Amino acid sequence: MNFLDALHISSSALSAQRIRMNIISSNLANANSTRTLQGGPYKRKDVIFAAHQNFSTFHHMLKSQLQGNLSEVKVLGIITDPRPPQLKYDPQHPDANEQGYVAIPNVNLIEEMVNMISATRSYEASVAAINATKSMVLKALEIGR
Amino acid sequence: MDSQGMFGGPFFTIEKVLGLRSFKHNLIVSNIANADTPNYKAFDLLLEQEMERVLRTNRNSDLMRTQPGHLPVRERNSEGLKPRIVAVPQLSPRVDGNTVDIDKMMAKLAENSLMYNALAQILSKKFAGLKYAIQEGKR
C-alpha cells in the first residue's frame, strides 16, 4: 500500500534519529569520564546512516523496480571516533600520568550540541511528514462519504 | 480504465492525479527521511510540468464553438500523463555528498499534501453531486 510505505520510511527515520540522539546523550554524559571498562578514557561514538532498499523478497524487489528510489534509513553501525583523547594538566587527578596530564575524552561539547540540534530538527521533519501522510489518508477515506 | 460514462472524464483524471500525488508524497518522505544519510541523492517527480505539457498538447480536444461569443469549453483529459522521476540538482554543496535541501522538501511536502487534500475534496464533492442528483431525481 502506498501510504503505508510513506509511514514506514518516516518511522525508520524517526528511529534512526532517536538512536543518534541516544549516542549524542551518551557522548555528552561521558564528556568527563576518564575510566571505562575497556580501559582509558571514554571515546566519542557516532552513528552511520545508510539509505536502505529492501530486496529481501520478490515482492520488495518488484516494487523497487516499479517505483524506484524509495529508501528507508538504516543505522549501519556505531563507530568509535579515532581522534586521540585531549590532555589536561591536572596533577591532583588519580588518573594523571607522570607528567601530571590526564587523558580526557575526545568529546567536543559544541560539536555534540550542534549534532543534537540537527538530530532534533530531522526528527521534527519526519514527524511533520507523518502528520502530512496521516491527514492525506484521512482525506482519502472521506471520499464518497 | 474506461474514460467514458458516468465515472469517466474528470473522475478518471482526478483518480490518476491522486495516485501520482501519493507517489510524489512517498518520494518526498523518502528524501526527508534520508536528510542526514551521506551520499543520498534526492529525487523529485516532475508532475506539474508534465500536466502543463499534457494540457498544451491536448488542446485539440476543445469543444467546437459555433458563435464567437460562446465561452470555451475545454475537455481536460489526462491522456499520456507520464511524469518523470529526476534527481534534484544540488544548489548548496554539502561535504557528505547529500543533495537533500530540507527546507525545500518540507515546502514540497506541504504543497503536495495540500494539493492531494484539495483533489480528494473535489472528488468527494463530485460524488456528493452525483448522489444528490440520484436522490432528488426520484422525488
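Across the interface of chain A and chain B, the rule finds eight residue pairs in polar contact, both residues being at pLDDT 80 or more. A polar contact is a pair of N or O atoms within 3.5 Å; within protein, one must be able to donate a hydrogen and the other to accept it, and residues adjacent in sequence count only if both atoms are side-chain atoms. The structure is a predicted model, in which local features need pLDDT of at least 70 and side-chain atom pairs count only at pLDDT 80 or more, while totals for chains, interfaces and linings use all residues. Residues are numbered from 1 along each chain as its sequence is written, chains are lettered from A in the order in which they are written, and side-chain values use heavy atoms, with hydrogens and water left out.

The rule also finds one salt bridge across this interface, a salt bridge being a side-chain nitrogen of Lys or Arg within 4 Å of a carboxyl oxygen of Asp or Glu. Its partners are Arg20(A) and Asp36(B), with the closest N and O atoms 3.0 Å apart. On the side of chain A that touches chain B, two or more residues come from each of helix 1 (2-29), strand 1 (45-52), strand 2 (72-80) and helix 3 (109-142) of chain A. Helices (H or I, at least four residues) and strands (E, at least two) are DSSP runs, numbered from the N terminus. Helix 3 of chain A gives the most to this side, with 13 residues.

Contact, meaning heavy atoms within 4.5 Å, involves 34 residues from chain A and 30 residues from chain B. The area buried between the two chains is about 2,500 Å², and carbon and sulfur atoms give 63% of it. Buried area is the accessible area (1.4 Å probe) that two parts lose on being put together, summed over both. Asn69(A), Met136(A) and Ile143(A) supply 24% of the area that chain A buries against chain B, more than any other three residues.

The largest nonpolar core has 25 residues, of which Val73(A), Val29(B), Ile32(B), Val100(B), Met105(B) and Leu109(B) touch the most other members. A nonpolar core is a set of buried Ala, Val, Leu, Ile, Met, Phe, Trp, Tyr and Cys residues joined through side-chain atoms within 4.5 Å. Buried means under 20% relative accessible area, exposed over 50%, and partly exposed in between (1.4 Å probe, protein chains only). Helix 1 of chain B gives the most to this core, with six residues.

Over all chains, the count comes to 15 salt bridges. In one of them, Arg21(B) pairs with Glu48(B), the closest N and O atoms being 3.3 Å apart. Arg21(B) lies in helix 1 of chain B and Glu48(B) in helix 2 (residues 47-57) of chain B, so the pair ties together parts that are 27 residues apart in sequence. Arg21(B) is buried at 3% relative accessible area, whereas Glu48(B) is partly exposed at 25%. Lys108(B) and Asp44(B) also meet in a salt bridge, at 2.8 Å from N to O. Lys108(B) belongs to helix 3 of chain B and Asp44(B) to strand 1 of chain B, so this pair ties together parts 64 residues apart in sequence.

Asn39(B) has a positive phi of about 65° although it is not a glycine. Asn39(B) is placed in the loop between helix 1 and strand 1 (43-45) of chain B, and counts as exposed at 56% relative accessibility.
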